[in-house]
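Work through the two exercises below. Each has a task sentence and a solution in steps.

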Amino acid sequence: MKPILEVNNLTMDFGGLRAIDHLNISINKGEIAALIGPNGAGKTTFFNCITGIYTPTGGDICISPDGGTKERINGLKPNVVTRKGLARTFQNIRLFNSMTVLENVMIGCHPVTKSGVLGAIFRTRATQAEEKLIVERSYAILEKIGLEMYVNELAVNLPYGAQRRLEIARAMATDPFLLLLDEPAAGMNPQETLELDELIIKLRDEDKVSILLIEHDMKLVMSLSDNIHVVDYGKKIAEGGPEEIRNNPLVIKAYLGEEIDA
Amino acid sequence: MIVNTEIKKSFLASAWFMFLTFPIMVIKVNTVSDTIEWRWMNMVGVGVGAFFLSMLWRYLLVKKEMGGKKEKTDKPSLLQTVLGQRRFAIPALVILGIFTLVFPHLFSMYQTNIMISALIYVMLGLGLNIVVGLAGLLDLGYVAFFAVGAYSYALLNLHFGMTFWVGLPLGGLLAGCFGLILGYPVLRLRGDYLAIVTLGFGEIIRLVLENWNEFSYGPSGIANIPKPSLFGLDLSLDHKTIYLFYILVALVIFTIFVINRLQDSRIGRAWIALKDDEIACQAMGIDKAKTKLRAFALGATWAGMGGVIFAAKTTFINPASFTIWESVIILCTVVLGGMGSISGVIAGALLLILLPEYLRDFGEFRMITFGTVLVLMMVFRPGGIVENVRKTYTFKR
Ligand SMILES: Nc1ncnc2c1ncn2[C@@H]1O[C@H](COP(=O)(O)OP(=O)(O)OP(=O)(O)O)[C@@H](O)[C@H]1O
Ligand SMILES: [Mg+2]
């Protein structure tokens with residue numbers, strides 16, 4: 001099977017600090033992969049590099065959404081990367097707070113729609129049809145993610161767990177082939193985490209989207225992941241299935257007593 | 001207990017005020033008879049006044065803290081609920097419409113002229129609302145585009161005899177181009193940096209107009225700019241003013257129409273997303289540069305059209321009409337009225353322009369009142385007079 005995301009020798013320096021050091025990661029189609037590592041290991045920086053927020057100092061990031069020809073996406077702007085089918089959520093929630101829940105998802109529809117200023121002013125047929133489509137599509141996504149009771153609520157007013165899920169809903173609206181989740185379970189209670197587990201599997205099975213998640217909740221990581229990548233100080237120290245990772249001495253050492261049990 | 005400390009704080013504040021104002025309010029040197037007059041009553045007045053104002057301030061702050069617990073709500077205010085219902089909104093609109101139509105016949109030319117100025121500011125406020133209220137770009141040089149519009153019409157008329165009706169779209173277009181020209185270099189800037197650069201840009205335009213005599217006739221300006229004509233009819237001055245008033249009303253309605261459609265469109269949502277969170281906005285596939293430039297250009301277009309009308313109204317323009325102060329007032333109408341809210345901006349513009357006109361008797365206190373009101377608004381009602389309420393959607397399933 002050919003990978004849909006292939007990262008080779010990725011390096012990111014901040015001044016003298018090497019946050020990512022010759023990292024190689026590849027993600028296969030239909031896979032749920034996890035990226036784990038201690039605090040400050042460079043996980044979020046990795047996401048920021050592949051989504052265009054940072055331009056990496058070195059290495060290659062290649063995508064091939066349909067498993068066909070590869071395309072190098074280093075240094076592209078974040079909005080272009082999103083249009084190519086990589087969508088992400090943020091560790092520190094970044095919702096559009098003055099907008100409603102539905103509108104947040106409608107923003108996510110931006111890359112798959114196209115009406116402009118004139119269309120909006122004259123409210124042409126095409127714009128009206130597109131607007132209707134955006135609303136329906138967004139509502140359907142909210143239903144799938146289980147947020148439909150909040151449609152017209154302002155995003156700031158949502159409970160924490162719901163805000164995290166709204167970030168996922170918004171990312172799904174951009175119609176990605178690979179969804180990047182940065183600590184989706186952070187701050188959730190056990191019940192919410194359980195629902196998140198089901199949701200992620202549902203997205204993979206029903207929406208045919210591959211998933212790469214950063215997570216500190218080892219129980220969630222172990223139950224979800226097909227493949228786990230472990231980084232420490234920007235370097236990859238291990239890769240494999242949950243069972244392998246759990247018993248890997250290097251990983252245990254990196255976590256220094258942090259127990260990895262599920 | 002709390003009340004006691006509050007009283008103590010207010011007391012201190014009033015003592016400070018008495019001390020600070022002592023030299024100017026109490027001591028008066030009579031230069032003719034070389035005596036000093038001690039006006040102790042003034043000091044008492046300042047003390048008591050400061051004490052009560054300070055108490056009022058504290059009371060409002062406490063009240064706000066109590067109310068602020070609920071965080072942001074999207075509950076519309078009473079006024080908005082009432083106006084949101086068709087059976088109230090339609091009669092209200094009809095009455096407002098009739099009032100506007102008969103206004104110039106009901107009131108004097110002086111009043112009509114004041115109303116024209118106010119409506120120009122409504123247009124400018126609504127235009128700047130795109131840039132500041134929707135896209136969240138703090139633009140302090142907005143008056144530059146107003147100037148571009150006014151000078152476009154004045155110069156094109158002077159050299160090529162261009163009429164108002166050609167000048168209006170052309171002035172808007174030219175100002176829009178200037179919006180793009182300014183927008184491009186400041187794409188990377190945000191917040192206060194952006195404010196400073198745009199402020200500089202506004203001053204540059206004014207200084208160019210002031211010093212480039214061959215082009216803009218310098219400080220002496222351009223006179224005899226014609227008012228719009230009606231099918232070549234020879235109208236009296238009063239009728240021309242009334243005609244201009246109606247043109248302006250139509251343009252304001254057009255502006256409201258356009259902005260209303262824009263703000264709930266795909267483009268409008270992109271602006272608000274950009275204001276809320278630039279990084280998340282880009283991560284949603286929105287082109288930051290394009291979105292910002294669109295806001296700048298559209299906002300500038302409206303300023304340009306406002307400028308053309310301003311030139312036609314005053315029939316004389318010079319750089320003195322386009323100072324930073326104008327930018328500040330327009331920005332205040334947006335902030336005071338309610339960022340992003342159309343009715344708020346209209347209310348803000350009418351209040352800020354009409355009140356000072358009718359309060360001329362207050363003279364130098366106008367500016368102080370103006371400043372105080374703004375500070376109070378920022379502290380107690382940061383959302384503005386009419387807060388922006390997002391559109392809701394209904395689904396029956
Ligand atoms: N913009 C930046 N400028 C300078 N240093 C940075 C920047 N972003 C990240 N770093 C540094 O890079 C390292 C990796 O940070 P990163 O946020 O990627 O860690 P992380 O693995 O996501 O940690 P956590 O689990 O706490 O989220 C840290 O040492 C951090 O201080
Ligand atoms: Mg992180």
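Domain bounds here come from an automatic or database domain assignment. This is a predicted model in which local features need pLDDT of at least 70, side-chain atom pairs count only at pLDDT 80 or more, and totals for chains, interfaces and linings use all residues. Residues are numbered from 1 along each chain as its sequence is written, chains are lettered from A and ligands numbered from 1 in the order in which they are written, and side-chain values use heavy atoms, leaving out hydrogens and water.

**Exercise 1.** State the domains of chain B and the separation of their centres.

Solution.
Step 1. Chain B has domain 1 (2-70) and domain 2 (107-380).
Step 2. Taken over C-alpha atoms, the centres of these two domains of chain B are 39 Å apart.

**Exercise 2.** Describe how domain 1 of chain A meets domain 2 of chain A.

Solution.
Step 1. Chain A splits into domain 1 (1-85 + 176-262) and domain 2 (95-174).
Step 2. In contact (heavy atoms within 4.5 Å) are 20 residues from domain 1 of chain A and 12 residues from domain 2 of chain A.
Step 3. The buried area, meaning the accessible area (1.4 Å probe) that two parts lose on being put together, summed over both, is about 1400 Å² between these domains of chain A, and carbon and sulfur atoms give 68% of it.
Step 4. On the domain 1 side, Arg83(A), Pro176(A) and Leu199(A) lose the most area, together 30% of what that side buries.
Step 5. A salt bridge is a side-chain nitrogen of Lys or Arg within 4 Å of a carboxyl oxygen of Asp or Glu. The rule finds 3 salt bridges across this interface of chain A.
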